[in-house]
Amino acid sequence: MATTDPDVHQPPHELDVTVVIPAHNEELAVADEVRAVHAALRPTKYRYEIIVVDDGSTDRTAELAAGCECRLIRLPRNMGYGAALKHGIARAHTDLIVITDADSTYPAEMIPKLIAAAADHDMVVGARTGANVRHSKMRAPAKWFLRKLGSFLSGTEIPDLNSGLRVLRRHHVKAYARILPSGFSFTTTITLALLCTERSVLFVPVDYHVRRGTSKIRPKHAYLFLILILRVIVLFNPLKVFLPLGAFCFLTGLAKFIYDITLENLSETAIMGFIAALIIWAVGLLADQNSRFNLDRWDLDEPVRE
């Protein structure tokens with residue numbers, strides 16, 4: 001049976017890893033997901049705990065999770081995927097954290113392999129690039145564009161930007177707490193943040209199954225992901241954004257200037273293009289300087305000790 005006290009400070013024994021499962025209206029799969037995680041980890045050497053965070057569900061999610069062998073944290077209202085993760089990670093008894101979804105889309109049997117790989121990496125991501133991957137075709141173009149944009153801006157090829165199956169460390173989450181959002185972009189943010197601060201992130205191919213229940217992702221989230229990617233990159237590596245944008249304005253002004261020469265008439269448009277480029281580059285340099293001055297804010301090396 002689940003332990004529903006969310007403020008348990010002392011673990012029953014020394015633990016190696018905590019599995020955090022955020023759940024909002026996942027009555028169709030949450031119990032099976034907990035059992036699948038147990039089935040994957042019980043035969044291994046890892047000592048573990050499972051935390052299910054009920055994110056203000058209005059169905060039987062909390063009731064069904066309470067009947068499983070796990071710790072159940074109930075949030076008073078729907079606070080968002082990222083908020084549920086942060087609550088669960090904050091209550092974990094270990095620094096090493098596994099996160100996975102409650103909808104049975106990710107293969108729980110891959111969790112031991114990801115944990116083992118985490119010994120040599122700051123984060124291990126279960127990239128949805130395995131042999132058996134079921135993606136929504138309607139979302140594919142937007143996901144491809146956002147993934148390519150994130151790869152370009154971070155300077156690293158990212159096969160899966162926002163996978164919900166990964167192994168990370170609690171002290172990294174604490175270090176980035178000020179920028180980690182409460183919504184679905186939690187995983188996108190921490191992926192970009194670790195890559196931009198030159199941390200080791202390993203992507204391991206995993207399968208991705210058809211979810212049980214209704215997806216919580218909406219079309220508007222693509223726009224929010226786009227804004228978030230730009231915001232995170234500007235925070236850590238602003239020149240990746242400002243240099244290309246300034247170059248576009250400069251080249252546009254240059255093209256108009258050359259055209260104006262053929263007409264023997266210099267227009268305001270060409271001048272504005274050059275001025276806009278100079279302003280954007282100047283702002284980018286100031287942002288880059290500010291970013292470098294604040295590098296010591298991201299203290300990622302020491303784990304949190306209670």
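Which residue in S2 is the bridge partner of Ile 21? The partner is Val 52. The model is predicted, so local features need pLDDT of at least 70 and side-chain atom pairs count only at pLDDT 80 or more, while totals for chains, interfaces and linings use all residues. Residues are numbered from 1 along each chain as its sequence is written, and side-chain values use heavy atoms, with hydrogens and water left out.

Strands S1 (residues 17-23) and S2 (residues 48-55) run parallel and are joined by 7 bridges. Strands here are DSSP runs of E with at least two residues, and helices are runs of H or I with at least four, numbered from the N terminus. Helix H1 (residues 30-41) lies across S1 and S2, at about 165 degrees to S2. Such angles run from 0 to 180 degrees between N-to-C directions, with axes fitted to C-alpha atoms, for helices over the stretch in contact; contact means heavy atoms within 4.5 Å.

Both strands belong to an open sheet of 7 strands with mixed pairing, in the order S3-S2-S1-S4-S6-S5-S7. Two strands pair if DSSP finds at least two bridges between them. The edge strands, S3 (71-75) and S7 (201-205), each pair on one side only.

Leu 146 is in helix H5 (residues 140-154). Leu 146 is buried, at 10% relative accessible area (buried: under 20%; exposed: over 50%; partly exposed: in between; 1.4 Å probe, protein chains only). Beyond neighbours within four places in sequence, its contacts include Leu 161 and Leu 226. The C-alpha atoms of Leu 146 and Leu 226 are 6.5 Å apart, across 80 residues of chain.
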